[in-house]
Amino acid sequence: MSGTQADAAPDIVRVALPVPLRRLFDYTCPGPPPAPGSRVRVPFARGLRVGIAVERAAGSVLPRDQLKPVAAVLDAAPLLDAELLASALWAAGYWLGAPGEALLGALPAALRNGRPLPAARVAGWCISATGRAALATGTAPRGAATALLAALAAAPLALAAVRARPAAQRAALARLRKAGLVEPLAPTGAATPAESGPPLNPAQQQVLAALRAQPPGFGVTLLEGVTGSGKTEVYLARMREVLAQGRQVLMLVPEIGLVAQTAQRLQARLGVRVDTLHSGLADGLRVDAWLRARSGAARVLLGTRSAVFTPLPHAGLIVIDEEHDASYKQQDGLRYHARDLAIRRAQRLDIPVLLGSATPSLESLHNAVRGRYAHLRLAQRANARPAPHVELIDLRRQRSEHGLSAPLLAALAETFARGEQALVFRNRRGYAPVLTCAGCGWHADCPHCARPLTWHRAARRLECHLCGRLQPVPATCPACGSPALQPQGHGTERLEDALAQRFPGIPLLRVDRETTRARAAQAALDARLPPAGPALLVGTQMLAKGHDLPRLTLVAVTGVDEGLYSIDFRAPERLAQLVVQVAGRAGRGDAPGRVLLQTRHPDHPLLLRLLSGGYPALAAELLDERRAACLPPHAHHVLLRAEAEREERLFAFLEAARAALPAAPGVEAVGPMPAPLPRRGPRWCGQLLLTAAERRALHAALAPWAQTLEALPQARSLRWSLDVDPLEMG
Ligand code: ADP
Ligand code: ZN
Ligand code: ZN
């Protein structure tokens, strides 16, 4: 390489910076070089930036006199250990992202700015061994201090309690601390004795025995168990074994709203503090948990997608619950998949991964079929309750009111008469998805996206669910002046109205993005549902995820048909997962459950297969279809998306991107083409799809291509992104 000075000492540092460029930046290091994984402050553009030292090198492609020196080394010891550094770099490479975004993204936000690490937080104070000895021998200081020391011998004092004490006592505490008679209480929480759970049933024991029989070290197991089959009990049993070896456990759940209840269950059953990591946590707490994980003090880490970047110096096990859930895929910046990254980390850490789901993704099932993953099953509910009974309601033969058929309304009435709860599921929020004019047929569209605006009646506005645009509701038709504007179709708000009128006196709760924050969904249910007697829930997807509703016996799914006829090849898989997951909410308690699916296509093969063979049969069939059609997981996709205010710029970029694609056998480019939803706000959206039967071929071709794209002159005036293994085709 020209300009390389390979004979020099390795005093050049390659640094990852938080910029969307797919490369590292070289600096000289006048002082002792930073260890890889440490933060450094370096000159960049016209200022200083905090980056992460990735490696040392003896030379650079730039002449040495053009390299700037590192301004400061910020960490004495690496913040990212070798494994996490390597895994995050791997993520950037695999998902075709910038290394700086991956590495800085792996740190909690509060550590990205270069400030020194906060001191370990003290949770309170407890008596030290010296203190106990002093008490026993009567050599403790006299007065207030002795009384305080005696109190501390009985129980530690939390920080909040210290603050509430009178000043004299706080001064006494300071004296005791200085004398070494008390010591900080680590925020491990006092270890509570673990509650014992139900004894494992034979099916669970079999799964546990199979897990124990696996060779030690890395391996992936797919635990396919119907909702309520006791998968969590199996996780707990494994976790206990790993904790007993002094190792750490990382568990991911798909949604922030599930963290609190899961943490509670793990903490009660494992008898150790559970540290949580998710985006809803205050920065300080998040740093705390992250650093505790890094020091090894935190034994059980629980979090959502981003928690996959938690340091695990004593890793023993990773559990991914509801592994099929699309929320594990990051949808902007570095578009990583937390499950797939967790598997990569486990491989480096040489530990097992447990993937659990009632409705595994076709990707994981494919890996199980190919023998890459062990496949274990729990086919029955743990409490021996029968699986809920699923029935189709043929909408073509039924009169329906507000999208609710007569048999559905009758079933609701019966459920309430028995004093039980019901759930009506509808994956559309708002009052009506369309507002039309009865006079001339006009309907309200988003002027940007050219798609119907959703009418939100209580909020008195029209909302575009694509670009977020809000508009007032017109009093009369803008086209013909007629006042006869009518809602078309049904959203959760309209169902809530209709059901409230139909069943006055039945407590009714609507759960969707408008009424409930995801984080608080379970709390809202607990607080607002009556403790006994009938109740009705109306809601979106939010209700499908893992929430525990023990008195729910009827689940009705309206709007099944939208998932049957979609251009997205993943729609049938998603529909099946959704139906099975919502159905799983029914009959978890003592009463058996019933599930109703309203459809105009009761003969659709997908529905028939789901009814006759359940999710496993349907998934097997869908996998065959994907094979025949050469679709993932039987092929690999990378999607280049772009959006621009001028349509010709968009396609000029996509054409240039296609032309820049290196010749690679087995890699096929489809497009440029408009995105399935071609307009979003003021922008035009388009894409180029790359497919290959072989992942290796695809990646070999695309890594250099991604760098080429950054330099394309056509790339300057628009937004673009690369999505490896996209879950959405739009
Ligand atoms: P999953 O994670 O598969 O949905 P859980 O582990 O949450 O299932 O178990 C569902 C319910 O069944 C829980 O209330 C749990 O306490 C109970 N349960 C699990 N295993 C057993 C068992 N072996 N005996 C009795 N009850 C069990
Ligand atoms: Zn009109
Ligand atoms: Zn719009």
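Predicted model: local features only at pLDDT ≥ 70, side-chain atom pairs only at ≥ 80, totals over all residues.
Buried means under 20% relative accessible area, exposed over 50%, and partly exposed in between (1.4 Å probe, protein chains only). Helices (H or I, at least four residues) and strands (E, at least two) are DSSP runs, numbered from the N terminus. In soluble globular proteins, nonpolar side chains tend to be buried together.

Leu423 illustrates the packing. Neighbours within four places in sequence aside, Leu423 is in contact (heavy atoms within 4.5 Å) with Leu537, Leu543, Leu549, Leu552, Leu554, Val555, Ala556 and Val582.

Ligand 1 is surrounded by 15 residues (a heavy atom within 4 Å), and Pro199, Gln204, Lys231, Thr232 and Arg265 are the closest. Five of the shell residues are nonpolar, six polar and four charged. Here Ala, Val, Leu, Ile, Met, Phe, Trp, Tyr, Cys and Pro count as nonpolar, Asp, Glu, Lys and Arg as charged, and the others, Gly among them, as polar. Helix α8 (residues 231–244) gives the largest share of the shell, three residues. A polar side-chain atom of Thr232 lies 2.6 Å from an oxygen atom of ligand 1. Backbone N or O atoms also approach ligand oxygen atoms: one of Lys231 at 2.8 Å and one of Ser229 at 3.3 Å. Taken alone, ligand 1 exposes 560 Å², and the protein buries 73% of that. Accessible areas come from the Shrake-Rupley method with a 1.4 Å probe; for residues, only the protein chains shown count as cover.

His636 is placed in strand β29 (residues 636–644). His636 counts as buried because its relative accessibility is 14%. Its side chain and that of Arg695 are joined by a polar contact of 3.1 Å. A polar contact is a pair of N or O atoms within 3.5 Å; within protein, one must be able to donate a hydrogen and the other to accept it, and residues adjacent in sequence count only if both atoms are side-chain atoms.

Glu420 sits in the loop between α13 (406–417) and β19 (421–425). Glu420 also counts as buried, at 16% relative accessibility. Its side chain makes a polar contact of 3.2 Å with the side chain of Arg418.

Residues are numbered from 1 along each chain as its sequence is written, and chains are lettered from A and ligands numbered from 1 in the order in which they are written. Local features need pLDDT of at least 70, side-chain atom pairs count only at pLDDT 80 or more, and totals for chains, interfaces and linings use all residues, while side-chain values use heavy atoms, with hydrogens and water left out.
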